[in-house]
Amino acid sequence: MPSKSDHLSGVQHNQNFLQTIGRRQYPDWAATVIFYIGLHYVDAFLATKNIHPGKHDVRDKFVAQLHELRQIYDDYARLKSFSRTARYYPPTRFSESDLQTLEQTHLARISSQIQPLLSCP
């Protein structure tokens with residue numbers, strides 16, 4: 001099972017990839033990568049509790065139920081919704097403003113909530 005460190009490497013890998021995407025040309029991919037950055041943050045935290053969800057619906061339940069993650073449920077759901085729209089309902093018409101909100105608001109909240117939890121032993 002992937003460790004906290006493995007998932008944090010996934011965060012960095014996806015952040016690096018996000019910097020290479022032409023957001024105007026590929027807003028669908030940008031939204032999807034932003035979601036997966038958030039997912040890896042969540043999974044890094046869950047790994048510290050020896051929880052390794054293999055499916056999105058299982059992870060969703062942990063985000064909704066664990067007191068450490070409840071605050072980010074709406075942000076996580078928003079990222080997931082945009083990613084799902086991008087993947088299953090093309091063509092997407094996300095604007096740069098949409099992507100900025102996903103990254104600078106929703107992902108930022110996820111990151112700021114989870115990072116302090118990961119620095120605990």
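Predicted model: local features only at pLDDT ≥ 70, side-chain atom pairs only at ≥ 80, totals over all residues.

Q: Which aromatic pair does phenylalanine 35 form with tyrosine 76, stacked or tilted?
A: Tilted. The ring centres of phenylalanine 35 and tyrosine 76 are 5.5 Å apart, with 50 degrees between the planes.

Q: Where do phenylalanine 35 and tyrosine 76 lie?
A: Phenylalanine 35 is in helix α2, residues 27-48, and tyrosine 76 is in helix α4, residues 73-88. The pair therefore ties together parts that are 41 residues apart in sequence. Both phenylalanine 35 and tyrosine 76 are buried.

Q: How many aromatic pairs in total?
A: The count comes to three aromatic pairs. One of them joins phenylalanine 35 and tyrosine 36. That pair is edge-to-face, at 4.9 Å centre to centre and 70 degrees between the planes.

Q: Which residues make up the aromatic cluster?
A: Phe35, Tyr36 and Tyr76 form one cluster.

Q: Let's zoom out. How many helices and strands does the protein have?
A: Five helices and zero strands. From the N terminus the order is α-α-α-α-α. The radius of gyration is 14 Å, close to the 14 Å from the globule rule for 121 residues, so the protein is as compact as a globular protein of that length.

Q: What does the C-alpha trace span along its principal axes?
A: About 40 × 25 × 25 Å.

Q: How about burial and surface?
A: Of the 121 residues, 42% count as buried. The accessible surface comes to about 7,000 Å², and 50% of that belongs to carbon and sulfur atoms.

Q: What is aspartate 43 in contact with, leaving aside neighbours within four places in sequence?
A: His7, Pro53 and Arg59.

Q: Now valine 63. Where is its place?
A: Valine 63 sits in helix α3, residues 56-65. Valine 63 is buried, with a relative accessible area of 0%.

Q: What does valine 63 touch?
A: Not counting residues up to four places away in sequence, valine 63 touches Val42, Leu69, Arg70, Ile72, Tyr73 and Tyr76. Tyr76 also belongs to the aromatic cluster with Phe35 and Tyr36.

Q: Next, backbone geometry. Which residues does the cis peptide bond join?
A: A cis bond joins proline 90 and proline 91, with omega about -5 degrees. Proline 91 lies in the loop between α4 and α5, the latter being 96-118.

Q: What about phi of asparagine 50?
A: Phi there is near 60 degrees, a positive value in a residue other than glycine. Asparagine 50 is in the loop between α2 and α3.

Q: Is asparagine 50 buried or exposed?
A: Exposed, with a relative accessible area of 64% for asparagine 50.

How values were computed. Residues numbered from 1 in each chain as written. Heavy atoms only, no water. Helix = DSSP H or I, 4+ residues; strand = E, 2+ residues; numbered from the N terminus. Rg over C-alpha atoms; globule rule 2.2 N^0.38 Å. Buried < 20%, exposed > 50% of the residue type's maximum accessible area, 1.4 Å probe, protein only. Areas by Shrake-Rupley, 256 points an atom, 1.4 Å probe, with all protein chains shown as cover. Phe/Tyr/Trp six-rings, centres within 6.5 Å; stacked < 30°, edge-to-face > 60°. Contact = heavy atoms within 4.5 Å.
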